[in-house]
Amino acid sequence: MRTEFTLRCHSHMQVLANGRSAILEIEDKMMKKRTISPSSLKNLIISNKESNQLTKESIETALLFLMEKKDLHQISISELVRKAGVSRNAFYRNYKSKEEILEHAYARKSQIWADKWQHLQERIQRQGRRILASG
């Protein structure tokens, strides 16, 4: 079974994995084929995910910073990507709109607060049981 992965880097890369080894094709002036190990493929995928996460965080941080000075509708995509230090392609690869950035940020922060609330409730219940057991 063949699985295809597309990694976005500075140069166009396409990685094809067949279980044992992988072929990495880098398109430039001359097509070169190199065999890489599954562990190298795994490292490339992890690196790509980390890079995408850093891009998203940069865009989100830049938007929140700009919103301290302007309303959302006054912020252009060009201004946002310039402040984030990313390309327009990086923006559109990750988001459809500025509003979507805020939706993702809200959902992520809401989940963090929900997790903290759950942890706090569990801690209070454990302490309550200890007090009842000792009394």
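**View 1. Two aromatic pairs occur in this predicted model.** F91 is buried, at 0% relative accessible area. Y92 is partly exposed, at 43%. F91 also pairs with Y95. Here the centres are 6.1 Å apart and the planes stand at 45 degrees, so this pair is tilted. Y95 is buried, with a relative accessible area of 4%. Through these ring pairs, F91, Y92 and Y95 join into a cluster.

**View 2. The charged end of K116 sits over the ring of W113.** The distance from the charged end of K116 to the centre of the W113 ring is 5.3 Å.

**View 3. A salt bridge joins R108 to E60.** The closest N and O atoms are 2.7 Å apart. This pair links distant parts of the chain, 48 residues apart. R108 belongs to helix α4 (residues 98–134). E60 belongs to helix α1 (residues 38–67). R108 is partly exposed, with 37% relative accessible area. E60 is buried, at 11%.

**View 4. K70 and E79 form a salt bridge.** Their side chains meet at 2.8 Å, N to O. K70 counts as partly exposed, at 30% relative accessibility. E79 has 17% relative accessibility. Buried means under 20%, so E79 counts as buried. The structure holds two salt bridges: R108 with E60, and K70 with E79.

Methods: Residues numbered from 1 in each chain as written. Predicted model: local features only at pLDDT ≥ 70, side-chain atom pairs only at ≥ 80, totals over all residues. Heavy atoms only, no water. Phe/Tyr/Trp six-rings, centres within 6.5 Å; stacked < 30°, edge-to-face > 60°. Buried < 20%, exposed > 50% of the residue type's maximum accessible area, 1.4 Å probe, protein only. Lys NZ or Arg CZ within 6 Å of the ring centre and 35° of its normal. Salt bridge = Lys/Arg side-chain N within 4 Å of Asp/Glu carboxyl O. Helix = DSSP H or I, 4+ residues; strand = E, 2+ residues; numbered from the N terminus.
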